[in-house]
Amino acid sequence: MGLRRVRIGCDFTYVAEVDTPVIFQVQPIESRRIALEGERWSSDPAIDVRGYTDLYGNPCVRAVLRAGRSSFSYDAVAACPDAVEDADELAPECAPDALPDHTLLYILPSRYCLPDVLGNEAWSRFGGLAPGYRRVQAICQHVHDHLTFQYGSTTAFSTAEDVNTSGLGVCRDFTHLAISFCRALNIPARYVFGYLPDLDVPVDPAPMDFAAWMEVWLGERWWTFDPRNNVRRKGRIVIGRGRDASDVAMATTFGGPQLENMVVRALEEVRPLSGPAGVRSAGGPPR
């Protein structure tokens, strides 16, 4: 299998009244599938960052935004497999009593995912379908068809029930609704947040943004599903996983700075790989 190089990163510009602590979650998780090269963190004025790993195993950094205007940037190149994510239409569901312990968290309600509230609809729409991968795909198809993607249609307080009623949302809302339906059927589903470049698909003319999708436990592993795009894609680069978007916020500020500008990058580079996969350059924060 070949590799594709994707330059990823983001820029934030804030205006703060006072020094403000912040947590950034923008650095991908390295894995067998994803290797990072040349990670760089920069800021103006210069600020120190220190890394840590959160409850779910996601890499994060802590910093303090200085009073006034400040900028923070992350940049790296990710080497990704030149292949769409795996699929298996015969992957079975597990009965609740057979689920691994570590998956049980992902059948419970969370801040934005409400299987208890949406349970009746989930069972009436999908309860009669054969359990397994195809039922999860039917949930994604329904959410994809039911919701209309529209920037600004939801807020930080919008839940899966809210978007199910309004019929409007962005990628995180599509994901919250599909997760809620899965959990209502006792299918573990977790929220995933990351970079999603336009590899071998029509280029989206809208400005690049972070993306959200979900992973569902079927058989003996997690499988990727994307109710927003509803197609298997190349180049998914995971930043974080959790119960819902509240667990993987790209920036958490302990105060009220104004976000003046945000830019996200996820564009393919066609240059050959410069070294062995998995080599991290100097410049990343300590873990």
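I looked up the ring cluster first: ring pairs link Phe12, Tyr14, Phe24, Trp41, Phe72 and Tyr74. Rings of Phe, Tyr and Trp (its six-membered ring) pair if their centres lie within 6.5 Å. The model is predicted: local features need pLDDT of at least 70, side-chain atom pairs count only at pLDDT 80 or more, and totals for chains, interfaces and linings use all residues. Numbering runs from 1 along each chain as its sequence is written, and side-chain values use heavy atoms, with hydrogens and water left out.

I searched the whole structure and got 15 aromatic pairs. Phe12 and Tyr14 have ring centres 6.3 Å apart and planes at 15°, so I note this pair as stacked. The angle classes are stacked under 30 degrees, edge-to-face over 60 and tilted for the rest.

I checked Phe12 again, now with Phe24. This aromatic pair is tilted, at 5.2 Å centre to centre and 35° between the planes. The pair links distant parts of the chain: Phe12 sits in strand E1 (residues 3-16) and Phe24 in strand E2 (residues 20-24), twelve residues apart. Strands (E, at least two residues) are DSSP runs, numbered from the N terminus.

Phe24 is buried at 1%, and Tyr14 is buried at 6%. Buried means under 20% relative accessible area (1.4 Å probe, protein chains only).

Last, I looked for charges over rings. The criterion is NZ of Lys or CZ of Arg within 6 Å of the ring centre and within 35 degrees of the ring normal. Arg221 lies over the face of Trp223, 3.8 Å from the ring centre. Arg228 lies over the face of Phe149, at 3.9 Å.

Note on methods:
Buried < 20%, exposed > 50% of the residue type's maximum accessible area, 1.4 Å probe, protein only. Helix = DSSP H or I, 4+ residues; strand = E, 2+ residues; numbered from the N terminus.
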